[in-house]
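Reader: Could you walk me through how to read the features of a model like this one? I would like the general idea first and the particular case after it.

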Amino acid sequence: FKPIAETYGLIETGILMMSVVLVVNTAGKFLLGLMTDRIGVKLSFLIYGLIITAGIILLLLVRISGFLLLSAAMIGLCYSLPTVAAVMICRELFSPDQYSAIYPKINLGVSVANALGYPLLGLFFDRTGKYDGALIMMIAVILLSIAGVFTIYRLVSHTRKMDHPD
């Protein structure tokens, strides 16, 4: 966030954005846990994904400090998805035996994606002088993740129906 805010001429805001993200990182995990208990994992994942996407769009379009802080808070929810949502989705969809085989692969995939994501941000900036391409790519990844989760739910539900016809 700091380098993005710097490209907007708002260095101090970038530093504050990092603080906002750290607070939301923790609070967002608790909130996501509460939401999954109340409205379900799939719907909670969708809501978080859409809020994060809206935060990225706000970051792309608005260059005002207050809105950048709001976008940082919205985007900061993303840290809850691999740590809370992935666990909850796997627990909801798979048996304990399947979970122990599937979740480590998902966790590895998320770790690799994070490791590659930050250099990609830098590459986009080095090539264009802006972060817009990287932010647009992040929106695409989030939307693909939402579609992937809904597809997995549909496939698992379909498989269960085939295994246990009424």
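Author: Gladly. Let us start with a term: helices here are DSSP runs of H or I with at least four residues, numbered from the N terminus. Under that rule, Met137 is found in helix α7. Please keep in mind that this is a predicted model.

Reader: Which kinds of secondary structure does the protein chain have, and how many of each?

Author: The protein chain holds seven helices and zero strands. Along the sequence the pattern reads α-α-α-α-α-α-α. Its C-alpha atoms fill a box of roughly 60 × 35 × 25 Å along the principal axes, and buried residues account for 33% of the 166 residues.

Reader: Back to Met137, then. Is Met137 buried or partly exposed?

Author: A residue is buried under 20% relative accessible area and exposed over 50%, with partly exposed in between. Met137 has a relative accessible area of 27%, so it is partly exposed.

Reader: What does α5 look like by the test of span?

Author: α5 has 14 residues and reaches 19 Å from first to last C-alpha, close to the expected 20 Å. There is a kink of about 25° here too, centred on Ala86. Ala86 is also one of the buried residues of α5, which include Ser80, Leu81, Val84 and Ile89.

Reader: How many aromatic pairs are there, and how should I describe one?

Author: A pair of aromatic rings is described by the distance of the centres and the angle of the planes. This structure holds two such pairs. Tyr99 and Tyr103 are stacked, at 5.5 Å centre to centre with 0° between the planes. An α-helix has 3.6 residues a turn, so residues three or four places apart point the same way. Tyr99 has 22% relative accessibility and so counts as partly exposed, while Tyr103, at 15%, counts as buried. The other pair, Phe125 and Tyr131, is stacked at 4.7 Å centre to centre with 20° between the planes. Here Phe125 is partly exposed at 27%, and Tyr131 is buried at 12%.

Reader: How much space lies in the largest pocket, and which residues are closest to its centre?

Author: Rolling a probe the size of a water molecule over the atoms shows where empty space is left. The largest pocket holds about 1,500 Å³. Its lining has 47 residues, and Cys78, Asn114, Met138, Val141 and Ile142 are the closest to the centre. The elements giving two or more residues to that lining are α1, α2, α3, α5, α6 and α7.

Notes: Residues are numbered from 1 along each chain as its sequence is written. This is a predicted model: local features need pLDDT of at least 70, side-chain atom pairs count only at pLDDT 80 or more; totals for chains, interfaces and linings use all residues. Side-chain values use heavy atoms; hydrogens and water are left out. On a 1 Å grid over the protein atoms alone, a cavity is a set of points where a 1.4 Å probe fits but cannot get out, and a pocket is an open set with protein on both sides within 12 Å along at least five of seven lines; lining residues have an atom within 4 Å of a point. Grid points are joined across faces, edges and corners, and a volume is the space filled by probe spheres set on the points. Rings of Phe, Tyr and Trp (its six-membered ring) pair if their centres lie within 6.5 Å; planes under 30 degrees apart count as stacked, over 60 as edge-to-face and the rest as tilted. Buried means under 20% relative accessible area, exposed over 50%, partly exposed in between (1.4 Å probe, protein chains only). The expected span of a helix is 1.5 Å times one less than its number of residues. The bend at a residue is the angle between axes fitted to the seven residues ending there and the seven starting there.
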